[in-house]
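Subject: Structure for you to look at

Hello,

Here is the structure for you to look through. My notes on what was found follow below it.

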Amino acid sequence: MSFAITAVVVVWVFLFGAAYLARMVGGLSKRRSAGVVVVSYLGLSALALAWFGLNRTGLLSVSGMLLPCVAALGMISYPTRRL
């Protein structure tokens with residue numbers, strides 16, 4: 001059970017970190033930042049499918065990563081605020 005919790009936390013942190021680093025730190029446009037997040041999601045999905053295989057568990061893990069991906073894309077859509 002602790003492995004599953006750790007995996008979920010790692011996915012959320014990885015996708016939000018990619019969004020934050022691309023948009024805020026890197027100063028990329030919304031489109032390029034979204035591209036970074038989508039490529040990160042696709043990489044994590046490929047890793048999950050390679051780990052679990054193309055079966056029900058693998059497809060559930062890939063679909064479970066959609067929520068953090070959409071949330072990270074939503075984070076990108078807010079305007080940046082430079083201090």
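**What was found**

Cys69 has its place in helix α4. Helices (H or I, at least four residues) and strands (E, at least two) are DSSP runs, numbered from the N terminus. This is a predicted model, in which local features need pLDDT of at least 70 and side-chain atom pairs count only at pLDDT 80 or more, while totals for chains, interfaces and linings use all residues. Residues are numbered from 1 along each chain as its sequence is written, and side-chain values use heavy atoms, with hydrogens and water left out.

Cys69 is buried, with a relative accessible area of 5%. Buried means under 20% relative accessible area, exposed over 50%, and partly exposed in between (1.4 Å probe, protein chains only). Not counting residues up to four places away in sequence, Cys69 touches Leu15, Val37 and Tyr41; contact means heavy atoms within 4.5 Å. Cys69 and Phe14 are 55 residues apart in sequence, and their C-alpha atoms are 9.8 Å apart in space.

**The chain as a whole**

The protein chain has four helices and zero strands, in the pattern α-α-α-α along the sequence. Its C-alpha atoms fill a box of roughly 45 × 25 × 15 Å, taken along the principal axes. Of the 83 residues in the protein chain, 25% are buried. Among contacts with a separation of 6 or more, 65% are between residues 24 or more positions apart.

Two packed helices are described by the angle between their axes and the distance between the axes. Axes are lines fitted to C-alpha atoms, for helices over the stretch in contact, and angles run from 0 to 180 degrees between N-to-C directions.

Helix α1 (residues 2–25) packs with α2 at an angle of about 155°, and their axes are 9 Å apart. The two are therefore roughly antiparallel to each other (angles under 35 degrees count as roughly parallel, over 145 as roughly antiparallel, 65 to 115 as roughly perpendicular and the rest as oblique). On the α1 side the contact includes Val11, Phe14 and Leu15, and on the α2 side it includes Val36, Val37 and Tyr41. By class, the contact of α1 with α2 has ten nonpolar, two polar and two charged residues. Here Ala, Val, Leu, Ile, Met, Phe, Trp, Tyr, Cys and Pro count as nonpolar, Asp, Glu, Lys and Arg as charged, and the others, Gly among them, as polar.

Which residues of α1 are buried? They are Val11, Leu15, Ala18, Ala19, Ala22 and Arg23. The buried residues of α1 pack against α2 and α4 (66–77). Just after α1, Gly27 takes a positive phi of about 70°.

**α2 and α3**

Helix α2 (residues 30–52) and helix α3 (residues 56–64) pack at an angle of about 160°, with 8 Å between their axes. That makes α2 roughly antiparallel to α3. From α2, Tyr41, Ser45, Ala48, Leu49 and Phe52 meet Thr57, Gly58, Leu59, Ser61 and Val62 of α3. This contact has six nonpolar, four polar and no charged residues.

Ser45, found in helix α2, is buried, with a relative accessible area of 6%. Leaving aside neighbours within four places in sequence, Ser45 is in contact with Val62 and Met65.

Regards
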